[in-house]
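Welcome! Please take a moment with the sequence and the 3D view below, and then we can walk through a few details together.

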Amino acid sequence: MPEWIRVADLAATPPGSVQVVRAGRYDVALFNVAGNFYALENACPHQGGPIAEGWVEDLTVTCPWHAWCFDLRTGDMTLGQFAWIARFEVRVEDGGVFVATEPVERA
Ligand code: FES
């Protein structure tokens, strides 16, 4: 069972916002896309680029360093299955945004 940590107030994370939060041992990029939250480790698997500073379009984030693209829902690279970013579960409760302190295990 993952532990959860409150990382932000819901009111401070409006749609379109991105912020870097700390969840356990990880720096996590927390995206609010149209009211839905997605959380990926803030380190691109290519060379560690800050994914929170990437370009978000629909449900894809593009790394700001060399433009690798990832699906916000899964962390999977969109152009091939040879790379991915660790993904974290997010839940909203009592006016707060909570992130799991360990990434989702991949099948
Ligand atoms: S560091 Fe992200 S694409 Fe190179």
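## Charges over rings

The charged end of Arg-91 is placed over the ring of Trp-4, 4.4 Å from its centre. Likewise, Arg-106 lies over the face of Trp-84, 4.1 Å from the ring centre. A charge sits over a ring if NZ of Lys or CZ of Arg is within 6 Å of the ring centre and within 35 degrees of the ring normal.

## About the model

This is a predicted model, in which local features need pLDDT of at least 70 and side-chain atom pairs count only at pLDDT 80 or more, while totals for chains, interfaces and linings use all residues. Residues are numbered from 1 along each chain as its sequence is written, and side-chain values use heavy atoms, leaving out hydrogens and water.

## Aromatic pairs

There are 2 aromatic pairs in the structure (ring centres of Phe, Tyr or the six-membered ring of Trp within 6.5 Å). Trp-68 and Phe-82 form one that is edge-to-face (planes over 60 degrees apart), at 5.8 Å centre to centre and 85° between the planes. This pair links distant parts of the chain, 14 residues apart: Trp-68 is in the loop between β6 (60–62) and β7 (69–71), and Phe-82 in the loop between β7 and β8 (87–88). Strands here are DSSP runs of E, at least two residues, numbered from the N terminus.

## Around Ser-17

Ser-17 lies in the loop between β1 (4–9) and β2 (18–23).

Conventions:
Helices (H or I, at least four residues) and strands (E, at least two) are DSSP runs, numbered from the N terminus. Rings of Phe, Tyr and Trp (its six-membered ring) pair if their centres lie within 6.5 Å; planes under 30 degrees apart count as stacked, over 60 as edge-to-face and the rest as tilted.
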